[in-house]
Amino acid sequence: MVTVTSAPDASHEVVELVSALIRFDTSNTGDPATTKGEEECARWVGQKLEEVGYKTEYVEAGAPGRGNVFARLPGADRSRGALMIHGHLDVVPAEPADWSVHPFSGAIEDGYVWGRGAVDMKDMCGMMIAVARHFKRAGIVPPRDLVFAFVSDEEHGGTYGAQWLIQHRPDLFEGVTEAIGEVGGFSLTVPRRDGGERRLYLIETAEKGLSWMRLSARARAGHGSMVHDDNAVTLIAEAVARLGRHRFPLVLTDTVEQFLSAVAEETGYTFDVDSPDLEGSIAKLGGIARIVGATLRDTANPTMLKAGYKANVIPATAEAVVDCRVLPGRKEAFEREVDELIGPHVTRTWERDLDSYETSFDGDLVDAMNAALLTLDPDARTVPYMLSGGTDAKAFAKLGIRCFGFAPLRLPPDLDFSALFHGVDERVPVDALEFGARVLEHFLEHC
């Protein structure tokens, strides 16, 4: 690493960058015809990088307007594998009437940056831009090549984003061996057994598989006034009810076991896998318990139903959609269990089927994350955890890239961070953004 000039660190412009990113309405409806804003936002990102000397490449992923931007910063040791820092520019839709501020205002008020994408994940995208610009301005040469990737369509599985890019433009990832992305590196404050508090920084090393399942039933159509023992709506309703009420078996993966052990060491809490109240013990962790609790077992949550066209007509077909999240190594067992629950008269197909992912919590990259956080927060402790949702890491792992979630934020102890993802009044603390930019800067200088 070589620094040739003195310049403000990356934190000095990160707040305005995040605010500006939020002002681009990049709502992803799941329908390419109504999804908007990705191209405009991606071209703006490219412009911000080109202003300081980067050569960028803009790529449309499979459809007009699905904008992606890539930039590479050469490192000191070109023989080492490159590190990719990736973020998605799309967000889920937001209804302005439900919010305290307009969701695409990027308002900076009360110590927070407000708006859709503030935590998912224009906060990290802003940090990426800020660090990339700072490195160019200051003449910083990182230890290895850095690839900055800003991609589309993550919020609908990456069909017009990461999944398309790895299939059609693998050259963009040439030489990349490791990657960091969203939903990791944020702090969780827990009570210490000695009466104090400890900030744990959660590094994502695993995530459940994402599988959207469509259930279909076909039976005899008829008049609603007559007796019908063979009814497609009834078949679907019964299958959905069995799935929705079912509790899949408890399975502790290595990642979850390491997380619970670390929390137990700090807090003195007991996480007994044989206890009937394990979920109750996890609930003591506060808002993060929603994520952690969902990583103890597979889940299958019915989300959509479709049947019929008139009150007095029994339809021939009925459908349902179920959001399935499957633990690493559990896919075959999960499918067998689902088939038993839905029964022989209901068929299933996968609308979206993305693999789970898990890596170990070790190695030079993990050491660099730990060192960066300890430099800025000496009382910190990094711990691995599993994400109950999914990220673009699912796509990049198919290329053999080792992926982590590391978007560092030091959060207030009382902030229910997990509730902000896709939630109303999504916001990120200003000081957390500035802290995160400094941590990311240190990490990328020593990765």
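Reader: What is the mean pLDDT of the protein?

Author: The mean pLDDT is 95, and 98% of the residues reach 70 or more; pLDDT is the predictor's confidence in each residue, from 0 to 100. Residues 1–6 have pLDDT below 50, and this stretch has 14 contacts in the model beyond near neighbours in sequence (a contact means heavy atoms within 4.5 Å). Where pLDDT is low, the predicted coordinates should not be read in detail.

Reader: Thanks! Which residues touch the most other members of the largest nonpolar core?

Author: They are F148, I180, F259, F443 and L444, in a core of 102 residues. A nonpolar core is a set of buried Ala, Val, Leu, Ile, Met, Phe, Trp, Tyr and Cys residues joined through side-chain atoms within 4.5 Å. Helix α3 (residues 122–138) gives the most to this core, with ten residues; helices (H or I, at least four residues) and strands (E, at least two) are DSSP runs, numbered from the N terminus. Leaving out residues up to four places away in sequence, F259 touches L188, L202, L285, V292, V383, P384 and Y385. There is also a second, separate core of 22 residues, with M213, L215, A219 and A300 among them.

Reader: Why is the pairing of D25 with K36 called a salt bridge?

Author: A salt bridge is a side-chain nitrogen of Lys or Arg within 4 Å of a carboxyl oxygen of Asp or Glu, and the N to O distance for D25 and K36 is 3.2 Å, so the pair qualifies. Both residues lie in the loop between α1 (14–22) and α2 (38–50), so the bridge ties together parts that are eleven residues apart in sequence. By this rule the count comes to 35 salt bridges.

Reader: Why is D25 called partly exposed?

Author: Buried means under 20% relative accessible area, exposed over 50%, and partly exposed in between (1.4 Å probe, protein chains only). D25 is at 23%, so it counts as partly exposed. K36, at 44%, is partly exposed too.

Reader: How do you know whether R66 and D153 are buried or exposed?

Author: R66 has 3% relative accessibility, so it counts as buried, and D153, at 2%, is buried as well. These two residues form a salt bridge, with the closest N and O atoms 3.0 Å apart. R66 sits in the loop between β1 (56–60) and β2 (67–73) and D153 in the loop between β6 (146–151) and α4 (162–168), 87 residues apart.

Reader: Which residues are linked in a network of salt bridges?

Author: The network links R192, D194, R198, E265, E266, D379 and R381.

Reader: What makes T26 count as buried?

Author: T26 has 0% relative accessibility, so it counts as buried. T26 is found in the loop between α1 and α2, and its contacts, leaving aside neighbours within four places in sequence, include K36, G37, L89 and F104. The C-alpha atoms of T26 and G37 are separated by 4.3 Å. A polar atom of the T26 side chain lies 2.6 Å from the backbone oxygen of L89.

Reader: Why is the F70 and F173 pair called edge-to-face?

Author: Rings of Phe, Tyr and Trp (its six-membered ring) pair if their centres lie within 6.5 Å; planes under 30 degrees apart count as stacked, over 60 as edge-to-face and the rest as tilted. The centres of F70 and F173 are 5.6 Å apart and the planes are at 85 degrees, so the pair is edge-to-face. F70 lies in strand β2 and F173 in the loop between α4 and β7 (176–181), so the pair ties together parts that are 103 residues apart in sequence.

Reader: And what makes the pair of Y201 and F435 stacked?

Author: The angle between the planes is 20 degrees, with 6.1 Å centre to centre, so the pair is stacked. Y201 is in strand β9 (residues 197–207) and F435 in helix α13 (residues 430–445), 234 residues apart. Y201 is buried at 0% relative accessibility, and F435 is buried with a relative accessible area of 1%.

Conventions:
Residues numbered from 1 in each chain as written. Predicted model: local features only at pLDDT ≥ 70, side-chain atom pairs only at ≥ 80, totals over all residues. Heavy atoms only, no water. Polar contact = N/O pair within 3.5 Å; in protein donor to acceptor, adjacent residues only side chain to side chain.
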